[in-house]
Amino acid sequence: ASRMPIPLLTWKTMVTGADLLACWLLLGVARRLGVPPGRTVWYAWNPLVTLEVAGMGHVDALGVAAVVAVVFLLVSQPPRRPGATAAAATWAAAGALAKLVPLAALPMWARQAGRPWRFLGLAGGLVALAMAPVVAACHGVPPGLVTYGVSWEFNGPVFEPLWRALDRAGAAGALAHGLDRYKAWSQNWEGVNFIYPYLYPQFLAKLLLAGGMAAVVLASLRWRDPEAGTGRLFGALLLLSATVYPWYLLWVLPWAALRRNTAWLALSALILLSYIPQFAGVPLWPWVYLGIWGPFGVLLVFERSA
């Protein structure tokens, strides 16, 4: 795209093509599952998808298309057929190379494919092969990824109240005091000093949420339905993320469309409120946060109890 006369328009056309591929594959998933194909319009005609993909050109569209392809292959072919496993693993690697989110789904998909080690070996090998030059050039984990994990935070539904609760509880100070006592007991005065800069509520909340994400990935190993499991996994990871931008919802919406999940479909409209503080250049206002996650939470609880 960068070599074309109008790079930005070319790029948006490319990601829009990927999104149309995702819509076509989602129709195939619906037919294989016996779900009314018309439900796919809840994704294909969703204004948020159009805005974030064709309008803003977010790279997530490439990853979403690859993920839908994985699920299509898992529900379309006999699970132990070698060709289906290899194709699904290749698409899974493509999704992870577009954005790292699908890495969390590799263990679940591997179990669902029926040939877990073959799936993981092929998908993991392709990702490692493609990432090797990046890791070598950066001499390790890319610094931008570290900055994102440590410093970025916006509109996380669990993160926002969690770090404030830790702040009020004085968790950072208590941990610092405990570290001081450890140093006095062990006489190791310098070895643990690197920990102190990370003893603040936001980072502690991210550590707790990372543990929650790991637990969700482990729990996903028991989920046998590729379509429902993928939606449940990505939805849980999004709710546990410290940063939730509107386009992150693209990973959940295809599965919410097939399941007619009212809460997630409503969130695709509510999440647009998060653009207000971004455009105004101000922090996330409490009323914006509550306007997004309050109705979503109520609908989610109602759906679960219905």
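The crossing of helix 1 and helix 4 is left-handed (near helix turned anticlockwise from the far one by less than a right angle). This is a predicted model, where local features need pLDDT of at least 70, side-chain atom pairs count only at pLDDT 80 or more, and totals for chains, interfaces and linings use all residues. Residues are numbered from 1 along each chain as its sequence is written, and side-chain values use heavy atoms, without hydrogens and water.

**Exercise 1. Describe how helix 1 packs on helix 4.**

Step 1. Find the helices: residues 7-33 form helix 1 and residues 60-76 form helix 4. Helices are DSSP runs (H or I, at least four residues), numbered from the N terminus.

Step 2. Take the geometry. The angle is about 20°, and the axes lie 8 Å apart. Axes are lines fitted to C-alpha atoms over the stretch in contact, and angles run from 0 to 180 degrees between N-to-C directions.

Step 3. Classify. Helix 1 and helix 4 are therefore roughly parallel (under 35 degrees; over 145 is roughly antiparallel, 65 to 115 roughly perpendicular, the rest oblique).

Step 4. The contact divides into 16 nonpolar, two polar and one charged residues. Ala, Val, Leu, Ile, Met, Phe, Trp, Tyr, Cys and Pro count as nonpolar, Asp, Glu, Lys and Arg as charged, and the others, Gly among them, as polar.

**Exercise 2. Describe the largest pocket.**

Step 1. Its space is about 1,200 Å³. A pocket is an open set of points on a 1 Å grid over the protein atoms alone, where a 1.4 Å probe fits, with protein on both sides within 12 Å along at least five of seven lines. Lining residues have an atom within 4 Å of a point.

Step 2. The lining has 38 residues; L100, V101, L145, Y148 and S241 are the closest to the centre.

Step 3. Helix 11 gives the most to this lining, with eight residues.

Step 4. By class, the lining has 32 nonpolar, three polar and three charged residues.

Definitions and conventions. Points joined across faces, edges and corners; volume = space filled by probe spheres on them. Helix = DSSP H or I, 4+ residues; strand = E, 2+ residues; numbered from the N terminus.
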